[in-house]
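Keep the viewer open as you read.

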Amino acid sequence: MGKPDADGQGLPDLPPEWGRVVVPDDASALATEAAQIRRELRRVPGRPAGHRALALPLLVLLVAVLTTLAGLLAVTWPRANRGADRPTPAPYSPPATLAGRALPALDLVDAGQSPVPLRGLLPAMIILVDGCPCPDRVAEAVAAAPAGVAVVTVAGGRTVSAPPSAERNVRALADPAGGLRSFLGQPARTGTATALLVDRAGVVTRVLPELGPVDAYRQDLSALAA
């Protein structure tokens with residue numbers, strides 16, 4: 001037996017537009033209506049179930065995009081900075097222990113390819129011209145050399161470079177074996193002449209990595225005559 005409806009006194013708070021409301025004594029009598037309501041709710045768009053179905057494909061796509069971007073960064077980032085990170089070449093400097101060492105007993109050759117013992121020309125200013133003939137610098141050295149001090153130019157290979165002048169104490173030689181350059185410990189550099197000052201005992205007193213104006217070494221050159 002049902003309870004009184006909205007027109008009676010049992011349910012006074014229900015709005016009158018709902019019409020006649022019958023509340024059954026057995027709740028199982030509403031099972032059919034409840035099942036129908038649940039079916040309608042499942043058909044309502046925007047339910048979370050649809051989003052859960054799309055979540056896995058979207059996650060896979062996101063992982064693939066992130067992996068691709070990480071790979072591109074790993075390849076391109078070092079190349080972008082490679083030029084900026086390139087180290088600056090260190091300036092030329094002779095071995096620190098070369099001064100004070102004995103000049104090795106080397107045999108060079110003259111223009112006629114005859115052997116010339118280098119130590120037999122001491123004391124001397126030996127100018128390596130395999131990187132640059134530098135005739136002006138050689139001429140300055142010849143003019144500044146005191147009596148008894150030879151100026152020796154040494155070219156690479158077997159071709160002897162002609163001296164810049166016929167002044168005294170000038171000897172043009174070549175070093176086909178490269179022994180003098182090996183003793184120096186540095187390769188020839190284009191546009192640069194290197195010089196060694198060697199006393200009469202055969203000891204290197206100074207190394208001039210880049211032969212410059214004579215005023216930079218005049219005092220050491222004069223000391224070779226002592």
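## Salt bridges

Let's begin with Arg218, which forms a salt bridge with Asp215, the closest N and O atoms being 3.0 Å apart. A salt bridge here is a side-chain nitrogen of Lys or Arg within 4 Å of a carboxyl oxygen of Asp or Glu. Arg218 is partly exposed at 37% relative accessible area, while Asp215 counts as exposed at 63%. For these labels, buried means under 20% relative accessible area, exposed means over 50%, and partly exposed is in between (1.4 Å probe, protein chains only). Before going further, a word on the ground rules: this is a predicted model, so local features need pLDDT of at least 70 and side-chain atom pairs count only at pLDDT 80 or more, while totals for chains, interfaces and linings use all residues. Residues are numbered from 1 along each chain as its sequence is written, and side-chain values use heavy atoms, with hydrogens and water left out.

The whole structure has 5 salt bridges. Another of them joins Asp220 and Arg206, with N to O at 2.5 Å. Asp220 sits in helix H5 (residues 218–223) and Arg206 in strand E7 (residues 204–208), so this pair ties together parts that are 14 residues apart in sequence. Helices (H or I, at least four residues) and strands (E, at least two) are DSSP runs, numbered from the N terminus. Both partners are partly exposed: Asp220 has 30% relative accessibility and Arg206 has 26%.

Then there's Glu140 with Arg137, whose closest N and O atoms are 3.3 Å apart. Both lie in helix H3 (residues 135–144), 3 residues apart, or about one turn of the helix. In general, an α-helix has 3.6 residues a turn, so residues three or four places apart point the same way. Glu140 is partly exposed at 30%, and so is Arg137 at 28%.

## The disulfide and its surroundings

There is 1 disulfide in the structure, a disulfide being a pair of cysteine sulfur atoms within 2.5 Å. Cys132 and Cys134 make this link, with their sulfur atoms 2.2 Å apart. The angle about the S-S bond is 120°, which makes the link right-handed. Both cysteines are buried.

Which residues does Thr192 touch, leaving aside those up to four places away in sequence? They are Gly131, Cys132, Pro209 and Glu210, where contact means heavy atoms within 4.5 Å. Thr192 is in the loop between helix H4 (179–184) and strand E6 (194–198), and at 15% relative accessibility it counts as buried.

The largest nonpolar core has 23 residues, and Met125, Ile127, Ala195, Leu208, Leu211, Tyr217 and Leu221 touch the most other members. The elements giving two or more residues to this core are E3, H3, E4 and E6, with the largest share, 4 residues, coming from H3. By nonpolar core I mean a set of buried Ala, Val, Leu, Ile, Met, Phe, Trp, Tyr and Cys residues joined through side-chain atoms within 4.5 Å. Leu211 touches Met125, Ile127, Arg137, Ala193, Ala195 and Tyr217, not counting residues up to four places away in sequence. Apart from this core lies another, of 22 residues, among them Val116, Leu128, Leu180 and Val204.

E6 and E7 run antiparallel, joined by 4 bridges; two strands pair if DSSP finds at least two bridges between them. Val198 has Val204 in E7 as its bridge partner. The hairpin has 5 residues between the strands, and Gly202 takes a positive phi near 85° there.

Most residues other than glycine have a negative phi, and most peptide bonds are trans. Against that background, the peptide bond from Leu122 to Pro123 is cis, with omega near -5°. Pro123 is in the loop between strand E2 (115–117) and E3.

Gln113 has a positive phi near 65°. It is in the loop between strand E1 (107–109) and E2, partly exposed at 33% relative accessibility. Cys134 also has a positive phi, about 40°. Cys134 is placed in the loop between E3 and H3 and is buried, with a relative accessible area of 14%.
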